Amino acid sequence: MTTNRRRPAGRPATLPDVAREAGVSRSTASRALADYGSVSPEARERVRAAAEKLGYRANQLARSMITGRTHTLGAIVADIQNPFFAGVTRGITDAARAAGYQVLLANTDEDVAAERAAVKMLRDKHVDGLIVAPAATTETGHLAAAHAAGCPVVLLDRQAPGLPADSVTVDNHGAAQDAVRRLLAAGHRRIALVSLLGTAPVDGADTASEAAPADPVSTGLERIEGYRAALREAGITDTGAYLRTGTFHRADPADLTAELLSLPEPPTAVFATDSMIALGVLSAARDHGLRVPEHLSVVTFDDTDWARAVRPRISVVAQPVQELGARAVQSLIARIEGTTHAPEHIVLDTEFIARESIAPPRTGT
């Protein structure tokens with residue numbers, strides 16, 4: 001026989017309170033609220049109604065001890081100020097919420113040490129899995145350790161050869177090759193590429209323009225290879241003449257572009273590997289008194305708000321940013337729920353959006 005003791009005013013409702021209100025045992029109430037084990041539909045409905053009436057809030061720590069899950073995901077992105085990662089994060093949080101998960105977010109500023117610290121912090125919080133845009137291609141021992149310890153890892157936007165993890169990217173090589181082909185079709189031969197690739201400079205690199213990452217991220221490498229492939233197709237054998245790369249937080253894309261524009265035969269077109277780099281390209285062009293596209297054609301990855309707002313509007317390789325985040329969440333939850341198939345590389349399509357920033361090179365250039 002159940003007692004009818006009143007809950008003291010001001011005290012939060014507890015599981016025993018819910019059980020008494022619903023007329024069931026504490027273990028039945030626990031199973032009904034955690035949605036596990038055997039509970040009749042009628043009892044489950046009574047328990048949930050009682051919980052709502054009393055304003056009961058589940059003890060997530062206790063629940064995680066029972067189920068082995070916290071229903072939280074860790075997301076580690078490279079630069080939250082970059083519009084690309086802001087859009088991806090929106091995709092992650094929306095998809096996670098729809099699946100009943102919350103997201104803990106960490107930002108690394110493209111720093112491997114910060115990434116290691118973020119992985120440790122999120123694992124200490126007992127997240128059910130990690131979505132990571134790795135800051136390096138090979139320095140991934142901390143991710144391998146998380147995976148080996150039973151914390152699933154999905155790579156976002158980037159790959160890490162040798163790490164047995166699912167990954168979600170676009171076809172960076174093909175998209176870059178297509179973008180450069182369009183510049184070639186407009187008549188350009190002196191086509192530059194400006195990119196930032198990684199964090200650690202090679203020993204002996206003294207200036208920003210010389211700084212080449214020792215462990216560049218895969219996305220930048222794939223875009224560079226697509227650029228080179230398009231040039232080779234067009235019979236341009238010196239594919240490094242107008243290629244400028246640097247390290248994150250050490251090189252300024254505007255400085256790299258200024259170096260190119262100061263060459264005896266400067267480029268007539270520039271391909272920027274992301275929208276933040278494109279801003280540096282446009283700044284350098286303005287400082288050199290050049291107009292887009294009359295003097296310099298420009299194409300960039302990522303369809304940001306500013307690329308549509310400036311005049312002329314900038315031609316872009318548009319990525320499905322929110323879908324990238326959502327697909328990473330779907331892959332991660334599948335692993336959390338026990339999927340055991342071999343690591344999968346999901347490749348999403350991009351779209352080239354032609355605008356007013358491409359024109360034929362001026363005669364005589």
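Trainee: Which helix holds Gly-220?
Mentor: This is a predicted model. In the model, look at residues 218-233. They form a helix, and Gly-220 has its place there. The helix is H9.

Trainee: Does Gly-220 count as buried or exposed?
Mentor: The cut-off for buried is under 20% relative accessible area. Gly-220 has 6% relative accessibility, so Gly-220 counts as buried.

Trainee: What distance separates the C-alpha atoms of Gly-220 and Ser-195?
Mentor: Along the chain, Gly-220 and Ser-195 are 25 residues apart.

Trainee: On to the strands. Which residue of E2 is the bridge partner of Leu-73?
Mentor: Strand E1 covers residues 72-77, and strand E2 covers residues 102-107. The two pair in the parallel sense over six bridges. In E2, the partner of Leu-73 is Val-103.

Trainee: What is the handedness of the β-α-β unit with E1 and E2?
Mentor: The unit is made of E1, helix H5 and E2. H5 spans residues 83-98. The unit is right-handed.

Trainee: Which residue in E3 stands opposite Leu-73?
Mentor: E1 also joins E3, through four bridges, and the two run parallel. In E3, the residue opposite Leu-73 is Gly-129.

Trainee: Which residues of E3 point the other way from Gly-129 and Ile-131?
Mentor: In a regular strand the side chains alternate between the two faces of the sheet. In E3, Gly-129 and Ile-131 point one way, and all four residues named for this strand are buried. Pointing the other way are Leu-130 and Val-132.

Trainee: Which residue of E4 is the bridge partner of Leu-130?
Mentor: E3 and E4 pair in the parallel sense, over three bridges. In E4, the partner of Leu-130 is Val-153.

Trainee: Through which helix does the chain cross from E3 to E4?
Mentor: The crossover is of the β-α-β kind, and it is right-handed. The helix on the path from E3 to E4 is H7.

Trainee: Why are the buried residues of H7 on the same side?
Mentor: H7 runs over residues 141-148, and His-142, Leu-143 and Ala-146 are buried there. They lie on the same side of H7 because the arc they cover around the axis is only 100°.

Trainee: What do the buried residues of H7 pack against?
Mentor: One partner is a helix, H6, at 112-124. The others are strands, E3 at 129-132 and E4 at 153-156. In short: H6, E3 and E4.

Methods: Residues are numbered from 1 along each chain as its sequence is written. This is a predicted model: local features need pLDDT of at least 70, side-chain atom pairs count only at pLDDT 80 or more; totals for chains, interfaces and linings use all residues. Side-chain values use heavy atoms; hydrogens and water are left out. Buried means under 20% relative accessible area, exposed over 50%, partly exposed in between (1.4 Å probe, protein chains only). The arc is that of the directions from the helix axis to the C-beta atoms. Contact means heavy atoms within 4.5 Å. Two strands pair if DSSP finds at least two bridges between them. A crossover is right-handed if, with the strands pointing away from the viewer, the path from the first strand over the helix to the second runs clockwise.
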